[in-house]
Amino acid sequence: DSIANQIAAGEVIQRPASVVKELIENSIDAGATQIQVIIKDAGRTLIQVIDNGKGMSATDARIAFERHATSKIQKVDDLFSLTTMGFRGEALPSIAAISQVEVKTRREEDEIGTLLSISGSKVEKQEAVSCTKGTIISVKNIFFNVPARRKFLKSNESERRNILMEIERIVLAHPDIEFLLFENEMQTLQLPPSVLRKRIVQLEGKNINQQLIKINEETTLGKIYGYVTKPESAKKSRASQFFFVNGRFIRHPYFHRAVMTAFEHLLQPNENPAYFIYFEVDPASIDVNIHPTKTEVKFENEQALWQILMVTIKEALGKFNALPPI
Ligand code: ADP
Ligand code: MG
C-alpha cells in the first residue's frame, strides 16, 4: 500500500513547488486571510505553510491524510460545481507518502490543538498541543524514501524558480490574502492584503502601474476582467501572461491567441504584452478535472468567449489610443 501511495503521489507531487501549491491552496480553501510560506534549500529540506484558517479537529487532521478523504465533495454532482481549489483529497496523502510531515492545527472552537507526525505514510504520533487557531504544516525531506525521484530534482535555482512561479500564480488570484515568503531565514516576499491592481504592482514593480489598461466585460457567459499592458511597453523577452478562471490559474493557448489577435498591428514582431485576465463563469460550464495538477481547463463556450475576449481587449486598446495622453 505504501508503494501504491508513492506511485499515486507522483501524479500530484512532482517537485517541491507542487507541495507549495497544494498546501497554499488548502490554506485558501480553509478561509485563511494570512498565509506564510517558509522554504529551506529550495524546498528540499523544508516547506512550511502557516495559515490562520479554520483549522482541523484531531479526527479531521487524521482523516485528511487518508486517500480521497476530501471534505470538499459531498456527492458526485459537486464535482461539477466546484468552488474550492482542491477537490480530490489527494494532496495530503500524496505529500505524506514521500516526505516527513508534521501538522499542528486548532479550530477556533477547540481549546486545545493537535500535533500529528507522519513519515512515508506512517503515522508516527498524534498528541494534544496548544497552538494558535489555524494550521501549520511542515513538509521535511521531500522524496527521502524515493531516491529515484530525489535524484531527479533540479538545481536549487531551478526548483526555487518553480516555487516562485506557483506562488506568483496564487497571489495574483487572491490579492485580498496577505502572503509572506521566507527563504533560508530571509524574508523574500511581503504582500499585504490588497486589490488586484496594487497586487500586480507589488509583484511586477511600480513601473507597470502606468502601463496597465483595465478590461471589464460582463456577458451572459460570465465576467471577464483584469489588465493588459499598453502595446508600447511590450517586450521581446518573456512577459508576465496570466489567465485565471474562478480564482485558479490556467494555461490557455487558445485564449492567448485571442489576446494576440487583439494586439495585432500594434506590436513589433516577437513582442509580448503582459496580461492578467480573469474569467468568472458558472463552475458548471468548465471542466477542471482534466489533469491532477489542474492547469488545463475546458470551457463550454470557448469560441464565444474567445470572440468576447478579443473584442473587449481590442476596444480597451482602441479607447486607450483614442484618448489624449493625461
Ligand atoms: P482536498 O484539498 O482535495 O480536499 P487535500 O489532501 O489537499 O484534499 O486535503 C485534505 C483535507 O484536509 C481537506 O479537504 C481539508 O478538510 C483538510 N485540510 C487540509 N489543509 C488544511 C488547512 N490548511 N486548514 C484546514 N483544513 C485543511
Ligand atoms: Mg487540497
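The model is predicted; local features need pLDDT of at least 70, side-chain atom pairs count only at pLDDT 80 or more, and totals for chains, interfaces and linings use all residues. Residues are numbered from 1 along each chain as its sequence is written, and chains are lettered from A and ligands numbered from 1 in the order in which they are written. The protein has nine helices and 15 strands, where helices (H or I, at least four residues) and strands (E, at least two) are DSSP runs numbered from the N terminus.

**Burial and core**

- Of the 326 residues in the protein, 34% are buried; a residue is buried if 20 or more other C-beta atoms lie within 10 Å of its own, exposed if 12 or fewer, and partly exposed in between, with C-beta atoms placed from the backbone.
- The largest nonpolar core has 73 residues, and Val19, Val20, Ile24, Val37, Ile95 and Val259 touch the most other members. Such a core is a set of buried Ala, Val, Leu, Ile, Met, Phe, Trp, Tyr and Cys residues joined through C-beta atoms within 7 Å.
- Both domain 1 (2–191) and domain 2 (206–322) supply at least three residues to this core; the bounds come from an automatic or database domain assignment.
- Leaving out residues up to four places away in sequence, Val19 touches Ile13, Gly43, Ile47, Ile95, Val139 and Ile142. Two residues are in contact if their C-beta atoms, placed from the backbone, lie within 7 Å.
- Among contacts in the protein with a separation of 6 or more, 68% join residues 24 or more positions apart.

- Eight strands form an open, mixed sheet in the order 5-4-3-6-2-1-7-8; two strands pair if DSSP finds at least two bridges between them.
- Strand 5 (122–129) and strand 8 (186–191) are the edge strands, each pairing on one side only.
- From one strand to the next, the twist averages 10°. Axes are lines fitted to C-alpha atoms, for helices over the stretch in contact, and angles run from 0 to 180 degrees between N-to-C directions.
- Strand 3 (residues 100–106) pairs with strand 6 (residues 134–140) in the antiparallel sense over seven bridges, and Val103 has Ile137 in strand 6 as its bridge partner.
- Helix 2 (residues 16–29) packs on the sheet and touches strand 1 (34–40), strand 2 (46–51) and strand 6; the direction of helix 2 makes about 10° with that of strand 2.

- Strand 10 (residues 222–229) and strand 13 (residues 275–280) pair in the antiparallel sense over six bridges; Lys223 stands opposite Glu280 in strand 13.
- In helix 8 (residues 253–262), the buried residues are Phe255, Ala258, Val259 and Ala262. They are on the same side of helix 8 because they cover an arc of only 95° around the axis, the arc being that of the directions from the helix axis to the C-beta atoms.

**Positive phi in loops**

- Most residues other than glycine have a negative phi.
- Asp41, not a glycine, has a positive phi of about 50°. Asp41 lies in the loop between strand 1 and strand 2 and is partly exposed, with 14 other C-beta atoms within 10 Å.
- Asn270, also not a glycine, has a positive phi of about 70°. Asn270 lies in the loop between helix 8 and strand 13 and is exposed, with 9 other C-beta atoms within 10 Å.
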